[in-house]
Amino acid sequence: MRLLVLPILVPLGTAAVLLLAPKRPVPQRWISLMGSVLLLASALVVFLRVNTAGIQVLHISGWPAPFGITLVADLLAAILVVAVGVVGTAVTAVAFAGVDPRRESFGHHPLVQILLMGVAGAFLTGDLFNLYVWFEVMLVASFVLMALHRTRAQVEAAFKYVTINLIASSIFLTALGLLYGATGTLNMADLARVWPTISTPGVDTVLAALFLIVFSIKAGLFPLFFWLPASYHTPPAAIGAAFAGLLTKVGVYALIRVLTLLFHSAPPALYALLLAMSAATMVVGLVAALNERDFRRVLSFNLVGHIGYTTASLSLLTPAALAGAIFYVLHHIVVITNLYLVSGVLLRLRRTTDMAGLGGLYRDQPVFAALAMVPIFSLAGVPPLSGFLGKLAILEGTFAAGAYWVGGLVLVVGLLTLLSMASTWADSFWSPAANAQDLATPGTAFLATIAALSLLTVAMTIGAEPIFDLTMRGAQQLLHRDEYVRAVLESRP
Amino acid sequence: MEVVLAVASGVLYAAGIYLMLRRRLAQLIIGLGLLSNGTNLLIFTAGGLTRARPPVVPDGATTLVEPYADPVPQALVLTAIVIGFGLLAFSLVLAHRVHATVGTDDVDDVGRE
């Protein structure tokens, strides 16, 4: 299906147009928004096709797999590309509330589009080396977006972020080299076919461990997550929202893909290790979040902790647990993006996200407070919002798989999340303002975008049944790897 | 030949990691560069070495004759070199800016709050 290339081509074209268009803010913002809406539309077309007609494959330039680069969209990839469109539209829409003029003249808008292209490419590719290339596209765009500022905190954060990612890239490349040496192919479907016939326990363990390390760094799992809270709170809210919503999820996606397709018969110790890392991630993330007094840092640690939910479910490799993980990823993308945008409004209103300078917003900005309530309480897991349903799905999956202690831990960490979000809500919105007063209005662009994302969360709550059905089908598709292998290798360009 | 390249790649990894554990920004970046070159060498070696047999179909034949050098690892290394070069250039500029903003090239002083 040729349309499969659209979610990659549309942001690329938009970035090119943005570079050629006049450097004035208004045309740049409109073109960028149009590009994101088109990306969302093309992602929806791909998704609808995959939903009705099964896995879609595109052999680039007519080179059949495994010789050329293949784009593959199964349900998981298609759903996530739609999420890229949603996040892209949200972060380009808030640009209308104002972007730092220096950033804007240095290419803020084209870089956001390149970032979206990298993420969409990573979700759609069917080739591991190509996945590495998309990772780099996405990373270079994120490096520049992070380093565009000159304040000390931002430059330092960018430096840590760049260093850890360059190290991770080297490990990724090492794993790819060894994998190619062992198999002679890097096409994922071809690998899934030949791997069981040639893998030996030693090679299997080394490669699986290398991939686990790389994608754990990208996803932010304990003990490899320390770069994330050290950097994600420094860039402007829209950029933080895009990073938090999409970048760690690419790591989770890559873990899901590699573990379900290649290492499903890896030594059980490896899955136990992933499970232990996920459990530690949940606990450490949320305990650290409780210890923070800055709104954006609380979000960073919540982001880390909740990634643990999804990877813990993934490590069980049962359809129900995997479906719960996918549902939770979708819920989390929408909610965490929204919360970073909320932090942008806080910055506009009070010039700070430190909770000492917040408070009184429930009285002063009732509309904004009502809108912000949805993502805050959804992340906290208050019934009936999508966060509650996501946790319920994960719980069902873990209990059905007999991993009772994981289920128990999910419940305890859920309680910690509730505590973290409730105190954040109380300190930022409810408690009387210490000595602060609002310096600006929230901005219509911010309010409209937050309202739209909150509505989406409510919609995901009401429409949870069909969405859960969808993630269940996606999970079954992931576990029936023959279907994926046949779709790629038996289709002709 | 494989042994020599394997040792060379190992030495590059070791030197790269050693330099990254030092405290100066410049050494960190040189370390990153060595690490990525060690990786390139590893891909090249792991892909299998065949000397003086380019993968070109001879005149009059329709298929390649074994043994021939596998062109894929070379393509992979080429891509990795280009990406690594760009990233190294970017991190040099970033390190320069860190030095200009923070006023030191000691990694321990970067990010101290």
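Predicted model: local features only at pLDDT ≥ 70, side-chain atom pairs only at ≥ 80, totals over all residues.
Colleague: Hi! Before we look around, what ipTM and pTM does the predictor give the complex?
Modeller: The complex gets an ipTM of 0.92 and a pTM of 0.91.

Colleague: And what does chain B average in pLDDT?
Modeller: Chain B averages 86, and 97% of its residues score at least 70.

Colleague: Where in chain B is confidence lowest, and where is it highest?
Modeller: The lowest is helix α3 of chain B, residues 71-102, with a mean of 88. The highest is helix α1 of chain B, residues 2-20, at 93.

Colleague: Okay, on to chain A. How many helices and strands does the secondary structure come to?
Modeller: Chain A has 21 helices and 2 strands. Its C-alpha atoms fill a box of roughly 70 × 55 × 40 Å along the principal axes.

Colleague: How does the radius of gyration of chain A fit with a compact globule?
Modeller: They agree, because a compact globule with 493 residues would be near 23 Å and chain A has 21 Å. Also, buried residues make up 61% of the 493 residues in chain A.

Colleague: Which residues touch the most other members of the largest nonpolar core?
Modeller: That core holds 213 residues, and A:V81, A:V84 and A:M138 touch the most other members. Helix α14(A) gives the most to this core, 21 residues.

Colleague: Let's pick A:M138. What does A:M138 touch?
Modeller: Leaving out residues up to four places away in sequence, A:M138 touches A:L115, A:G118, A:V119, A:A122, A:L247 and A:V250.

Colleague: New topic: how many residues does the contact take from each chain?
Modeller: There are 24 residues from chain A and 25 residues from chain B. On the chain A side, α6 (128-147) and α7 (152-183) each supply at least two residues. The largest share of that side, 16 residues, comes from α7(A).

Colleague: How do the residues on that side of chain A divide into nonpolar, polar and charged?
Modeller: The side of chain A that touches chain B has 14 nonpolar, 5 polar and 5 charged residues.

Colleague: Last one, helix α18 of chain A. How many residues does it have, and what does it reach from first C-alpha to last?
Modeller: Helix α18 of chain A, residues 404-430, has 27 residues and reaches 37 Å, close to the 39 Å expected at 1.5 Å a residue. Its buried residues include A:V406, A:L409, A:V410 and A:V413.

Colleague: What covers the buried residues of α18(A)?
Modeller: The cover includes α12, α13, α14, α15, α16 and α17 of chain A.

Terms used. Residues numbered from 1 in each chain as written. Chains lettered and ligands numbered in written order. Contact = placed C-beta atoms within 7 Å. Helix = DSSP H or I, 4+ residues; strand = E, 2+ residues; numbered from the N terminus. Nonpolar A, V, L, I, M, F, W, Y, C, P; charged D, E, K, R; others polar. Expected span 1.5 Å × (residues − 1). Buried ≥ 20, exposed ≤ 12 C-beta atoms within 10 Å, placed from the backbone. pLDDT = per-residue confidence, 0-100. Rg over C-alpha atoms; globule rule 2.2 N^0.38 Å. Core = buried A, V, L, I, M, F, W, Y, C linked by C-beta atoms within 7 Å.
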